[in-house]
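The following note is intended for a reader new to this structure. Its points are numbered and may be read in order.

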Amino acid sequence: MTSQKSILERIAQGDQRAVQECIDTYGGLVWSLARRFLRNGADAEDAVQDIFIDLWNSAARFDPALASETTFVSTISRRRLIDRLRQQTRRPGMDSLDDEEAGEMRLPTVDAPMEAETDVALVERILADMAPENRQILSLSLYEGYSHSEIAEQMSLPLGTVKTRIRRGLISIRERLNISPDSAEEAVNR
Amino acid sequence: MSGFLPMQGRLAELVAGEATGTNDVSENAELDCLLSESVAVDREQMMAAASVVQLALLRQDRAARVALPESVRAKLVRQADAWNAGRQVSGAASVADLAGARQRRAEKSRVLTQARGKIRPSGSAALGWYLAAALAVAFVVYRQDSSVDPAPDMASVAVAIEARREALVSQAPDLVRVPWSASAEPGYEQARGDVVWSSSRQEGYLRLSGLPINDVRRGQYQLWVVDAERDVHPVDGGVFDVTRDGELIIPIDTTLPVNRPAAFAVTFEQPGGVVVSDGPMLLVAPVGS
């Protein structure tokens, strides 16, 4: 058991350096999630700023005994990304690509701080066992931020089928994950 | 243990719908209704599960795992500075027993926050470097020893900013000077002042009074410059705070060159500002009207 405080714990205790350390540690992860989910550089940039403000403000609620810091960061990220996607939907026709897109692949890839996440590894196995079509539906929805109507169109499936498969797929994964009931309320209590 | 209850049927579907963003308006209303009747549900765990799926898919998608671009990182660091400054103000206020002491600290923080966010060495000549250096020294002194009163240094910075504005007004051959139009936004009707800008010097200042005091933890004012040479978004002119009544002079800190300003506008945004604003324009100063 290590006594070293996590970044979020140090932010909660008023360590100003930890605020920037949070950017350096999770910036790549949050940015990668945002770019993939929103598919729009400008929106991703706004979302990343929202996410970090939310993270710093929520740091005192993080409890390492209940959830990993990476899960906490990604859960807050997900909430803000869904919010942003809703705004994006209300403002159709915004720039979908920008100049930064061309240079992005030349950026160094990063090993996001999630390699030791056992839940992540378990979900990888669950996804691998899924029917390819269901896995693709979940990926398009949860990871790439497509709406169920967009997915229905892409995959030539009825809307209701897509919606049901997304929800049931997640419920099934949730049932196999060992997320503490307490962790949800305490760690991401919004 | 919490009062967690396993979900069944419709509730599970709606909570999953929330976590996957697939609920429509009526389903969200139905969820709220069902949740109001429940002691506690698996709601946050479902969101956490969805985020773990996202992580798992990202781990498999190596090409999508990219570093944070330096330009975005720089904005986040600025945002972090503003957030830290806001927390410092908050912490100072909570321990201050005397109104006078609280007022002095707020004044110090106001000048620090305002000047720290606005003065950028790369955009200025020798005086800009001097101001930034003086500010950095004053800030360190303030943090390390609260018994040392840096107010004279900060006052010097404010005086120097005013002097720079006067110099720009008297010397710039291409000076643009426009007043703020009367605002129709509730609470901002009393705001007055003007903007001066020189494209040849890429230097300008806001002069403002009557703008409501902002809580830096909740949001900051942000300046935008509409450049007739750019046909997309307005140029970010930097964020600033108003923490007292009276006139403020704020250096404009554009992130891009502005060669043909068509209008200046002020919005109120999250701490650190935003890249593209959705908010209403609280103040507008159209050029040439």
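1. Strand β7 (residues 261-269) of chain B runs antiparallel to β8(B), and 4 bridges join the two. Helices (H or I, at least four residues) and strands (E, at least two) are DSSP runs, numbered from the N terminus; two strands pair if DSSP finds at least two bridges between them. Within this pairing, Val266(B) has Leu283(B) of β8(B) as its bridge partner, and Ala265(B) stands opposite Val284(B) of β8(B).

2. The model is predicted: local features need pLDDT of at least 70 and side-chain atom pairs count only at pLDDT 80 or more, whereas totals for chains, interfaces and linings use all residues. Residues are numbered from 1 along each chain as its sequence is written, while chains are lettered from A and ligands numbered from 1 in the order in which they are written.

3. A residue is buried if 20 or more other C-beta atoms lie within 10 Å of its own, exposed if 12 or fewer, and partly exposed in between, with C-beta atoms placed from the backbone.

4. In chain B, 4 strands form an open sheet with antiparallel pairing, in the order β5-β4-β7-β8. The edges are held by β5 (235-240) and β8 (283-286) of chain B, each with a single partner strand, so one side of each is left without a neighbour in the sheet. From one strand to the next the twist averages 15°, where angles run from 0 to 180 degrees between N-to-C directions and axes are lines fitted to C-alpha atoms, for helices over the stretch in contact.

5. Chain B as a whole contains 7 helices and 8 strands. Of its 289 residues, 40% are buried. Among contacts in chain B with a separation of 6 or more, 60% are between residues 24 or more positions apart; two residues are in contact if their C-beta atoms, placed from the backbone, lie within 7 Å.

6. Two residues deserve a check of their backbone angles. Most residues other than glycine have a negative phi. Gln202(B), in the loop between β2 (192-198) and β3 (203-209) of chain B, has a positive phi near 50°. Arg39(A), in the loop between α2 and α3 of chain A, has a positive phi near 55°. Gln202(B) is partly exposed, with 15 other C-beta atoms within 10 Å; Arg39(A) also counts as partly exposed, because it has 17 C-beta neighbours inside 10 Å.

7. Helix α3(A) has 18 residues and spans 25 Å from its first C-alpha to its last, close to the expected 26 Å, which is 1.5 Å times one less than its number of residues. Of those 18 residues, 13 are buried, and the helix is thus mostly covered.

8. How do the two chains meet? In all, 62 residues of chain A are in contact with 51 residues of chain B. On the chain A side, α2(A) gives the largest share, 10 residues. By class, that side has 32 nonpolar, 14 polar and 16 charged residues. Here Ala, Val, Leu, Ile, Met, Phe, Trp, Tyr, Cys and Pro count as nonpolar, Asp, Glu, Lys and Arg as charged, and the others, Gly among them, as polar.
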